[in-house]
Amino acid sequence: MIRFLSVFMLLMVAGATNAAAAVDVVATTQDLAALVQEVGGDRVKVEALARGYQDPHFVEPKPSFILRLHGADMLVAVGRELEIGWLPPLVTQSRNPKIQPGAPGYLDASLTVRILDIPTGQITRAMGDVHPQGNPHYWLDPQNGRKIAQAIRQKLSELDPGGASTYAQRYADFDRRLGEAEKRWDAMMGPYKGVKVVTYHRSWPNFAERFGLDVVGYVEPKPGIPPSPAHTLDLMQAMKQQGIKIIIVEPYFDLKTPNAIARDTGAKVLVLSPSVGGSKEASDYIALFDYDITQLVAAIQQTGAR
Amino acid sequence: MPRSRTFLFACLAVTFLSASASAARQTPGTPPPDSQSPEALRAEIARLQQQLESLARTYDERLAALEGRIAALGAAQTGSPPPDGTAAANPPQAQAPETSTPQSQAPPALQPPPDGTVATGTPPPSGKVFNPDIAVIGNMLGAVGTNEIEPSPGLDLDEAEASFQAIIDPYARGDFFFSFGPEGVDVEEGFITFNTLPAGLLLKAGKLRAAFGKVNAMHTHALPWADRPLVTRTLVGGDEGLSDAGLSVSKLILNPVMFLEATGEVFRGHSDVFNGTTRSDLTYVGRLRGYRDLTEGTNLDLGASIAWGSTEVAPDSTKRLIGVDATFRYRPLRRAIYQRMIARSELIWSQDRFAGGSPTAFGMYASGEYQFARRWFAGGRFDYSERPLFPSLSDKGGAAILTYWPSEFSQIRGQYRRTRYAEGTTANELLFQFLFSIGAHGAHVF
């Protein structure tokens, strides 16, 4: 009898959660979508526009995205002008007053996080694709992930006050799991603090800061500018001098130049996932770091990088 | 600058002094007078410990903040950015409440503040925050070879387009595009877009490029060629195109199969295609567009358009334009910055109607563009068009295009164009183009 009752109650609870009005959320990237899922659970329906294996600077503003935005209650954007090339026309054409910038359903996830690389002084496009408002790849620090999740919790609670306690509970649970995971990651990365690496694009400053990597150079001569022979030669020389053994590349860049550099310097090319969905294993926010850190530690051990 | 630095050092010194002085005043271990029982004492000690810890934290944060400020000032003086590249202009704000009796003996930790205390909102530059996004795009065109029918200068700054774009208020945004060319200044487009209307409606009012087909709505700098196709030049008004003052309403037709958008427009009636003589001689444009993702990297875009209005060919003469267009795109997401392919065709029928008859001219182009490296695009185009009013006269041609993109903001293009005109002459030309953009130009509609 007790068993029957508990099953019945479980069903009731499950039914109640499913029946609850879902908040329809569109996130510009899979990282943000994963965080919305963590906080929102069954109360939200969330979809990402850009895939994790896609360069988030260059996404095509396809009309199918207009359809997804048209029905959304909430839009979460990375901000810091990451989506400047494709999101504004989509939002305009969405014909959805709820998600226009400044409207209650619009969330710029970057407003409460720690932002690095904010340029000082005069900036010009001679510096390449500089982001005047700082480096937009900020989600690669778990503490920023926590901040984003907090902002999402707050926004969801505003839009769906009935779910506030659920969101608070789910956020607390995520916070706890992330804290545990951070201990694990710190233990894994602890012995390798200060390891020198080269990355393709400036996607990793927050990750490097958090986990103690020393990024000493970039395959790109300037942000967003494809590799040039002169810069590649300089980089190879610097890598040999400093004994750099690891080149981190995002999955959407061509491996030709990194491979050539690796052959010449004896370094290893490591394709890490800068986003959830960037590889099969990086299926949610915590799995993203699990994947990247496991790969990184294996590469450090294999190459003896210091 | 030196004065403010001195002031900061003074502040720092005062903070240290007051901290140590108050710490000396209240030595830990002196029991408060009214706590007698051991439990109360223990609780009191725990409370004090907590207070001490929180104060230590507060001071760490404050000191780090001051350090950051000093570093920033130093950096500003030497002209170099702060060492860690972070926003030194945004000092961390101590979040602990102000306490009147600081009693910390903990040594000040000279480290960056614990995360979570960094204020990260970037303050916008005052006074400029509501300025629109401004951009200027230059289109330098050159031509080599002979063309007796459609002559163009050997070298010309064909167009400088200035754009001003901003959000107007919570309900609308505004877009202005001024075109400065050899013939003078022209408002290429200038319109308000109401994007928060109910029922899936989008309303534009102002001067607009009409939603007739694909090429007509594109600005010159957004074309994949150095020129407009023959059919556009012959039947749809050339560079200026079907562009007029009017209203445009478009609506999403929601369905489970595809993106479907219907657009209806009404214009004053004066453009390079239509010409009304009275106030009621308006031009009307209608368009239906369907779009569907085939896979994540391929999609199909289909459209049908119609336009009608008055002309000045004869008294009470009118013209009707009908167009269909199809675009197939391929762009693999993982290699989106290196590889893409676009195949496109538009067929256009132009029918003039007047007392003497109703001749229909047909024209079309079919084009393909392929990106084969990060900075390189190759393309080809086939052109055919009959002449309006004289459909028995037809021109035909083709073009091969090679485009190089140093960056997103400039491109260099060479185009070989061969046109066989109805008059019997053939023009072989080499067109070349430099496109360059400064400022913040809003992203283009797909």
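1. Sheet. Chain A contains an open sheet of four strands in the order β6-β5-β7-β8, with parallel pairing. The edge strands are β6 (213-218) and β8 (268-271) of chain A, and each of them pairs on one side only. From one strand to the next, the twist averages 35 degrees. The model is a predicted one, and local features are given where pLDDT is at least 70.

2. Pairing of β7 with β8. Strand β7 of chain A covers residues 246-249 and is joined to β8(A) by four bridges, the two strands running parallel. Opposite I247(A) stands V269(A) in β8(A).

3. Domains. Chain A is divided into domain 1 (20-182) and domain 2 (189-303). The centres of these two domains of chain A, taken over C-alpha atoms, are 25 Å apart. Where the domains meet, 28 residues of domain 1 of chain A are in contact with 25 residues of domain 2 of chain A.

4. Domain 1 side of that contact. In chain A, α2 (30-40), α5 (142-159) and α6 (164-189) each supply at least two residues of the side of domain 1 that touches domain 2. The largest share, five residues, comes from α2(A). By class, this side of domain 1 of chain A has eleven nonpolar, nine polar and eight charged residues.

5. Packing of α2 on α6. The axes of α2(A) and α6(A) come within 7 Å and cross at roughly 120 degrees. From α2(A), the residues E38(A), V39(A) and G40(A) meet Y167(A), R170(A), Y171(A) and F174(A) in α6(A). The residues of this helix contact divide into four nonpolar, one polar and two charged.

6. G145(A). G145(A) has its place in helix α5 of chain A. Leaving aside neighbours within four places in sequence, G145(A) is in contact with L35(A), W139(A), L178(A) and Y285(A). D175(A) is 30 residues from G145(A) in sequence and 9.4 Å from G145(A) in space, C-alpha to C-alpha.

7. V25(A). Which residues are in contact with V25(A), leaving aside its neighbours within four places in sequence? They are V36(A), G40(A), V44(A), K45(A), V46(A), A72(A), D73(A), M74(A) and V76(A). Of these contacts, G40(A) also takes part in the meeting of α2(A) with α6(A).

8. Chain A with chain B. The contact between the chains takes 43 residues from chain A and 39 residues from chain B. On the chain A side, α3 (63-70) and α4 (87-93) each supply at least two residues. The largest share of that side, five residues, comes from α3(A). The residues on the chain A side divide into 20 nonpolar, 14 polar and nine charged.

Methods. Residues numbered from 1 in each chain as written. Chains lettered and ligands numbered in written order. Predicted model: local features only at pLDDT ≥ 70, side-chain atom pairs only at ≥ 80, totals over all residues. Domains from an automatic or database assignment. Contact = placed C-beta atoms within 7 Å. Nonpolar A, V, L, I, M, F, W, Y, C, P; charged D, E, K, R; others polar. Pairing = 2+ DSSP bridges. Axes fitted to C-alpha atoms, helices over the stretch in contact; angles between N-to-C directions.
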